[in-house]
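Here is my note on the model, point by point. Please read it with the structure open.

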Amino acid sequence: MLYDAYEMQRSLLAGASRLAGMGAGWLNNPSNPWGYSSMGPMVAASLEVFAHASAPRGKPEFGIRSTRIARKPFAVEEQVVLRKPFGQLKHFAKEGATAGPPLLIVAPMSGHYATLLRGTVERLLPGHDVYITDWRDAKLAPVSVGSFDLDDYVDYLIEFLELIGERTGERPHLLAVCQPAVPAFAATALMAADKNPWRPRTLTMMGGPIYTRKAPTAVNTLATQRPHNWFQSNGIATVPMIYPGAGRKVYPGFLQLAGFMTMNLGSHLISHWEMFKHLVVGDEESAEPTQKFYEEYRSVCDMTAEFYLQTVDVVFQRHLLPEGKLMHRGRRVDPTAIRDTALLAIEGERDDISGIGQTKAALEIATRMPAAKKKYFLAKDVGHYGIFNGRKWREMIAPVVEKFIAAA
């Protein structure tokens, strides 16, 4: 019933959004005398903000058509090199340019699409042969294709790394943003234990919940204050009949988005107020960055119930990886197996999702890795999303990643 109620509300808001957009356009028309009244710009701006906030959104495009290397432009072609039931491996091929070291960026499966890392890809593309995990919206996966849990996630990463290694002839580099730090570390440990020839040469973890007992945030506290069956009763819904995945149990993206919006409600209200003020005075250029951010931020997808519940249990409640008890298909994930994959942990000083020390814990549990192959970087005055996007990512954090990969 929860999902059905949401769909009904979404349909109503979609209609209201279109009407509001038409109203804003009518008031902003230079030939409309009402637009020149004292209230005209304020009403038009209000309608435009509402239309933007309530508009339905699908999966965004990366839209990366070119990159610049040594000030010279090169065309970029997005290629899907492997399709799986719950995700695909996407490659950003640079036409006529040196590819660079192969790099797999692991996007979070946490409600947003992989396009949330567009800025991450754009910044690293000139110097690297970039691949990314492009996860599928679970409501679009028919029940007939089966389930997808944390074990499957790890299997996907291993398969992706092996394919990249076979395509390039090099051990790939691995970069995990936020939630996938845990499965990326697990995949690296398993491949190391197997002496897999395509095990990662480096693993970079950015704002990841390796050990959430360290500096717990509101997200971590919620996970420990509620029993596991609470998440099953309150977070899981059934996909409605209008989608290909009808009948599948999922953790809906709209619930994840609501949680994130509530955590920083004041900041979101201020952002929309500033956007409104820019629109009132006709400064669309200043309002555009906020509009673009929320177009991406509000584009959400569902994740399978089994993956969500297993992640809550294994990562946030029982902390199995740092305690050496994480199992993958009946086999223990041994952090000490990692011996020749250089590790970089990056944290944001103002991260309110993954607290300081949670990602750094990965360096501490890989006890057989030489200290010279471990690196930690704390980004000053950077929040969770600033770790992988925005000016501080481009100017402060990305150079650290590039230097670390080059050194390996």
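1. Surface. The accessible surface of the protein comes to about 18300 Å². Carbon and sulfur atoms hold 56% of that area. Bear in mind throughout that this is a predicted model.

2. Overall make-up. The protein has 408 residues, and 51% of them are buried. Its secondary structure consists of 13 helices and 14 strands. Among contacts with a separation of 6 or more, 77% join residues 24 or more positions apart.

3. Helix 4 and helix 11. Two packed helices are described by the angle between their axes and the distance between the axes. Here the pair is helix 4, residues 150-168, and helix 11, residues 305-317. Their axes come within 8 Å and cross at roughly 95 degrees. Angles of 65 to 115 degrees count as roughly perpendicular, so helix 4 is roughly perpendicular to helix 11.

4. Residues at that crossing. Helix 4 contributes Leu-150, Asp-151 and Tyr-153. Helix 11 meets them with Phe-307, Gln-310, Thr-311 and Val-314. By class, the contact has four nonpolar, two polar and one charged residues.

5. Strands of a sheet pair through backbone hydrogen bonds, either parallel or antiparallel. Three strands form an open sheet in this model, in the order 8-9-10, and the pairing is antiparallel. Strand 8 (237-238) and strand 10 (303-304) are the edge strands. Each of these two pairs on one side only.

6. Strand 9 against strand 10. Strand 9 covers residues 249-251 and pairs with strand 10 in the antiparallel sense, over two bridges. Look at Tyr-251: its bridge partner in strand 10 is Met-303.

7. His-319. Check the backbone here. His-319 is not a glycine, yet its phi is positive, about 50 degrees. The residue sits in the loop between helix 11 and strand 11 (327-328). Is His-319 buried or exposed? Its relative accessibility is 2%, and the cut-off for buried is under 20%. His-319 therefore counts as buried.

8. Asp-381. This is another non-glycine residue with a positive phi, in this case about 55 degrees. Asp-381 lies in the loop between strand 14 (374-379) and helix 13 (391-407). Its relative accessible area is 44%, so Asp-381 is partly exposed.

Technical notes
Residues are numbered from 1 along each chain as its sequence is written. This is a predicted model: local features need pLDDT of at least 70, side-chain atom pairs count only at pLDDT 80 or more; totals for chains, interfaces and linings use all residues. Side-chain values use heavy atoms; hydrogens and water are left out. Axes are lines fitted to C-alpha atoms, for helices over the stretch in contact, and angles run from 0 to 180 degrees between N-to-C directions. Helices (H or I, at least four residues) and strands (E, at least two) are DSSP runs, numbered from the N terminus. Angles under 35 degrees count as roughly parallel, over 145 as roughly antiparallel, 65 to 115 as roughly perpendicular and the rest as oblique. Contact means heavy atoms within 4.5 Å. Ala, Val, Leu, Ile, Met, Phe, Trp, Tyr, Cys and Pro count as nonpolar, Asp, Glu, Lys and Arg as charged, and the others, Gly among them, as polar. Buried means under 20% relative accessible area, exposed over 50%, partly exposed in between (1.4 Å probe, protein chains only). Two strands pair if DSSP finds at least two bridges between them. Accessible areas come from the Shrake-Rupley method with a 1.4 Å probe; for residues, only the protein chains shown count as cover.
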